Amino acid sequence: MQTHRKVHNAMDKVTIHTLRQMKTRGEPISMLTAYDYPTALLIDQAKLEMALVGDTLGMVVHGFETTLPVTMDMMVLHCQAVRRGLKRALLVADLPFMSYQISPEQAKANAARLLAEGGADAVKLEGGQTVAATVRGLTETGIAVMGHVGLTPQSVSAMGGFKVQGKTLEAAQHVLDDARALEAAGVFAIVLEGIPAPLADIITRAVSVPTIGIGAGAGCDGQVLVMHDLLGLYDRFVPSFVKQYADLGAAMRGAFEAYRDDVRARTFPAAEHEFSLSDEVLQALRAHLDAPETE
Ligand code: KIV
């Protein structure tokens with residue numbers, strides 16, 4: 001029965017169950033970062049399964065060197081903008097640096113903000129065995145959590161830079177143990193970032209939840225990219241694992257230059273961009289201006 005509260009077809013809305021079924025059926029899952037309303041609309045139109053309000057917004061939108069300065073207030077604001085545009089895809093929001101590491105209670109309070117104020121469907125946090133208890137606290141509260149292991153940008157200093165992880169036997173075993181700990185703590189999916197493809201493949205087969213790779217090869221259940229990397233909109237560097245699907249940076253610069261040239265040449269605005277005034281009003285206005293002023 002159709003109720004007046006039903007906004008869109010529930011069959012269309014991607015849920016964590018949809019993702020689990022996709023893994024079972026071997027259907028690849030697509031995820032992209034989104035930080036604003038227009039991007040959210042386009043992600044739904046393109047029928048991607050997930051949008052991530054990632055803390056990468058600190059770097060690609062706000063120009064910070066790392067994700068560390070990102071605050072909860074910034075995350076909530078961007079999440080709200082994405083929520084307004086997103087109806088179908090699952091909306092995941094990052095818990096930023098030091099918003100969940102202090103205590104499980106802090107993690108719950110901040111995850112609740114992303115869900116209640118930001119409108120997110122789920123939260124993501126970085127780390128494996130060390131955050132498993134925190135993740136369990138969230139999932140037992142009924143919060144959907146996505147894990148993130150391998151290269152974890154919030155630990156950039158401890159890792160000695162943005163470096164591929166899991167290259168030695170010990171390190172690879174550690175990443176696998178991290179993924180297993182998150183699965184046991186109840187995550188619905190795990191991002192595998194910056195690890196060798198064969199390791200990602202092994203982890204993907206070892207865990208029951210979908211793995212979403214970024215710089216982790218084709219063996220993952222799905223892929224995620226930072227939108228600015230995919231579109232050629234980030235000026236500093238493009239990681240080698242990124243496929244650039246468009247050069248919007250060049251397209252935008254070209255458009256800005258053309259606009260500047262039109263303004264300088266007075267060819268913009270043209271007649272079709274102007275508002276007209278009736279001859280009657282114009283003549284009256286001119287007559288008023290020409291009339292000598294009286295005391
Ligand atoms: O913050 C982010 O955009 C991310 C992706 C790189 C997975 O965590």
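# Briefing: salt bridges, a pocket and local features

The side chains of R136 and E140 meet in a salt bridge, with 3.5 Å from N to O, where a salt bridge is a side-chain nitrogen of Lys or Arg within 4 Å of a carboxyl oxygen of Asp or Glu. The model is predicted, so local features need pLDDT of at least 70 and side-chain atom pairs count only at pLDDT 80 or more, while totals for chains, interfaces and linings use all residues. Residues are numbered from 1 along each chain as its sequence is written, and side-chain values use heavy atoms, with hydrogens and water left out.

**Salt bridges**

- The structure holds eleven salt bridges, and one of them joins K23 to D221 at 2.7 Å from N to O.
- This pair links distant parts of the chain, since K23 belongs to helix α1 and D221 to the loop between β7 (211–214) and β8, 198 residues apart; helices (H or I, at least four residues) and strands (E, at least two) are DSSP runs, numbered from the N terminus.
- Both K23 and D221 are buried, where buried means under 20% relative accessible area, exposed over 50% and partly exposed in between, with a 1.4 Å probe and protein chains only.
- D94 forms a salt bridge with K124, and their closest N and O atoms are 2.8 Å apart.
- Here too distant parts of the chain are linked, with D94 in strand β3 and K124 in strand β4 (residues 122–124), 30 residues apart, and D94 and K124 are both buried.
- R136 and E140 are separated by about one helical turn because they stand four residues apart in helix α6 (residues 132–141).
- R136 is partly exposed, at a relative accessible area of 37%, whereas E140, at 61% relative accessibility, counts as exposed.

- R88 is placed in the loop between α4 (72–85) and β3 (90–94).
- R88 is buried yet has no salt bridge, and the nearest side chain of opposite charge, that of E49, is 4.6 Å away; Lys and Arg count as positive and Asp and Glu as negative, while His and the chain ends are not counted.
- Apart from neighbours within four places in sequence, R88 is in contact with D12, K13, V14, D44, K47 and L48, where contact means heavy atoms within 4.5 Å.

**The largest pocket**

- The largest pocket is lined by 32 residues, and P153, E193, I214, P239 and F241 are those nearest its centre.
- A pocket is an open set of points on a 1 Å grid over the protein atoms alone, where a 1.4 Å probe fits, with protein on both sides within 12 Å along at least five of seven lines, and lining residues have an atom within 4 Å of a point.
- At least two residues of this lining come from each of α3 (57–60), β6 (189–193) and β8 (222–225).

**Backbone features**

- The peptide bond from F268 to P269 is cis, with omega near -5 degrees, and P269 is found in the loop between α10 (248–265) and α11 (279–290).
- R266, found in the loop between α10 and α11, has a positive phi of about 60 degrees although it is not a glycine, and R266 counts as exposed at 73% relative accessibility.
- M98, in the loop between β3 and α5 (104–116), is a residue other than glycine with a positive phi, near 65 degrees.
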